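Here are my notes for a first look at this model. Please read them with the structure open.

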Amino acid sequence: GLHCEPVIGDMRDESSMTAALKGARYLFHVAADYRLWARDPGEIERNNFLGARATMSAALTAGVEKVVYTSSVAALKPGDHAVDETSRHTPQSVIGAYKRSKLMAEREVERLIATEKLPAVIVAPSTPIGPRDVKPTPTGRIIVEAATGRMPWSWPWRSCRRRAWSCGSPRPWCGTGRRWRTSAARNGFGTCGVAMGLNNEVHD
């Protein structure tokens, strides 16, 4: 695996993220409040929006060379046929706190790209599954329930290890501001994990 130095911080806290990114060349933002429901839906929206804004601002302050921001197909608007990155939800059309939070966070990243020259690309994955999903996440719960016979299912899944490769692969050639869907799914869930700043080149 990667040789990483763990750093404790809060993605909503710009100062802690700036400290974590000191000396880092690249940032992969793959953290999210990945809940589909909360007693206070605004909590999900605040966590993901403020997390994106603070972490992207920290990347600008730290002088990071390249950012890969993980959005979600939740920010894409389904259609009668398969859609791509140009099929965009609005705050009025998106349903649910989680999807709204990912949409608004993605728009904030786009704003920073346009106004602050944030050197970022945006990826929009669907349905992450993989090892160490201990809670589990909503998609992990689907796997557990299907495996135990509690629900029938058919899902456009993709492994987290493969997703990590696809999130890294646009970096060498994808221009700043490009949005990149890493799944052919028309609808689905976002991704979760940790925000990482890497000191050395990441090889595909």
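**Notes on the predicted model**

1. This is a predicted model. Start with the largest nonpolar core, which has 18 residues. Within this core, M56, V67, V109 and L118 touch the most other members. Four elements each supply at least two of its residues: α2 (41-62), β2 (66-70), α3 (97-116) and β3 (120-124). In soluble globular proteins, nonpolar side chains tend to be buried together.

2. Look next at V67. Setting aside neighbours within four places in sequence, V67 is in contact with L27, M56, A59, L118, P119, A120 and V121.

3. Now follow α2. This helix has 22 residues. From first C-alpha to last, α2 reaches 32 Å, close to the 32 Å expected at 1.5 Å a residue. Its buried residues include G42, N47, N48, T55, M56 and S57. Among the elements covering the buried residues of α2 are α1 (14-20), β1 (26-29), β2 and α3.

4. Check both ends of α2. At its start, a side-chain oxygen of D40 comes to within 3.1 Å of the backbone nitrogen of G42. After the helix comes G63, with a positive phi near 70°.

5. Finally, find T139 in helix α4 (residues 138-147). Is T139 buried or exposed? T139 counts as buried because its relative accessible area is 1%, and the cut-off for buried is under 20%. T139 and Y34 lie 105 residues apart in sequence. In space, their C-alpha atoms are 9.7 Å apart.

How values were computed: Residues are numbered from 1 along each chain as its sequence is written. This is a predicted model: local features need pLDDT of at least 70, side-chain atom pairs count only at pLDDT 80 or more; totals for chains, interfaces and linings use all residues. Side-chain values use heavy atoms; hydrogens and water are left out. Buried means under 20% relative accessible area, exposed over 50%, partly exposed in between (1.4 Å probe, protein chains only). A nonpolar core is a set of buried Ala, Val, Leu, Ile, Met, Phe, Trp, Tyr and Cys residues joined through side-chain atoms within 4.5 Å. Contact means heavy atoms within 4.5 Å. The expected span of a helix is 1.5 Å times one less than its number of residues. A polar contact is a pair of N or O atoms within 3.5 Å; within protein, one must be able to donate a hydrogen and the other to accept it, and residues adjacent in sequence count only if both atoms are side-chain atoms.
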